[in-house]
Amino acid sequence: MASTAPLLPGPRRIIASNLTLSASSAPNAKTEPAVEVRDETLLVEPILGGSLARARVATHKKIPTSNDGSGDIPLDDVPGFGIVMPNGLNMYYLDVAPNSEGVMHRTTSTDYLIVLKGTLSFLTPQDSFDAGTGYGTPKETLCHPGDTLVQRGIMHALSNRTDQWVRVLGVVAASDPNRVPVEGGPSSSTSQELRVLDDAWLA
C-alpha cells in the first residue's frame, strides 16, 4: 500500500545558455557570449495513483542535441507512459512512495538511474519465464544513495520496501530493439538466431 505522506520537495533545475552576440562584436573570433543562468524549482506530479511522482527535467527528440537559443527550455511530450523519447533522451526525477511495489516492465531504452535518497529495491527475474503465468520470485538488489543502475532493455520493477520516500534521477536514452540470442537455435558460423524483446508491462 502506497503512503499518503507528502511528496518530496521539488528539485532545483539550473539552466545555463549562451546569449546572443551583438553584431558589432561578432566579427571578432575571440569574443565570447555572456551566459544566461535560469534557476527554477521543478513541479513534482503524482503518477500511478500516487505510488510514484515525477519531476521532468529535460527532453531531446534527437541526439546530438542542440544548444542554440536561450530563455525558457520547453519540455516535449513523451509518448506512452512518458519514459522513452523515440530516437532521443528523457530525463526526470522519480520519487517512489514508502511501502510500494512496482510493476514488472521493459522498455526499448538504456536507462541510467542514480539513487539520490532512500533505499530502492530493484527487482529482476531470476529465471526465464512465461509472461502469461508470472515471473516467480524476483531477485532483489538494494540500491543506496550514490548507486547508479544501468538498465539495458531488461524486465524489472522499482519498489520501495521502506517507510521513507526514495528519489532517483533517471536518464533514459532510446535504444535499438532489445535482442537476445537463442541458445541452440538454428545458426551458422556467421549468424545466430536473435529474439526481439518488445516493450511490456505485466499487471
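This is a predicted model: local features need pLDDT of at least 70, side-chain atom pairs count only at pLDDT 80 or more; totals for chains, interfaces and linings use all residues.
## A buried asparagine

Where is N160 found along the chain? Look in the loop between strand 11 (157-159) and strand 12. N160 has a relative accessible area of 0%, so it counts as buried, the cut-off being under 20%. Leaving aside residues up to four places away in sequence, N160 touches V96, A97, P98, N99, S100, T119, W165 and V166.

An open sheet is built from six of them, in the order 3-4-5-12-7-10, with antiparallel pairing. Strand 3 (45-47) and strand 10 (148-152) are the edge strands, each pairing on one side only. From one strand to the next, the twist averages 30°.

Inside this sheet, strand 5 and strand 12 run antiparallel and are joined by eight bridges. You can find D95 standing opposite R167 of strand 12.

## The nonpolar cores

The largest nonpolar core has 16 residues, and those touching the most other members are L94, L120, C143, L149, L158 and V168. Two or more residues each come from strand 5 (89-96), strand 7 (109-117), strand 8 (120-124) and strand 12 (166-174). Another core, of eight residues, lies apart from it and includes A53, A55, V57 and A58.

What does L149 touch, not counting residues up to four places away in sequence? Its contacts are D111, Y112, L113, L120, F122, C143 and L158.

Technical notes:
Residues are numbered from 1 along each chain as its sequence is written. Side-chain values use heavy atoms; hydrogens and water are left out. A nonpolar core is a set of buried Ala, Val, Leu, Ile, Met, Phe, Trp, Tyr and Cys residues joined through side-chain atoms within 4.5 Å. Buried means under 20% relative accessible area, exposed over 50%, partly exposed in between (1.4 Å probe, protein chains only). Helices (H or I, at least four residues) and strands (E, at least two) are DSSP runs, numbered from the N terminus. Contact means heavy atoms within 4.5 Å. Two strands pair if DSSP finds at least two bridges between them. Axes are lines fitted to C-alpha atoms, for helices over the stretch in contact, and angles run from 0 to 180 degrees between N-to-C directions.
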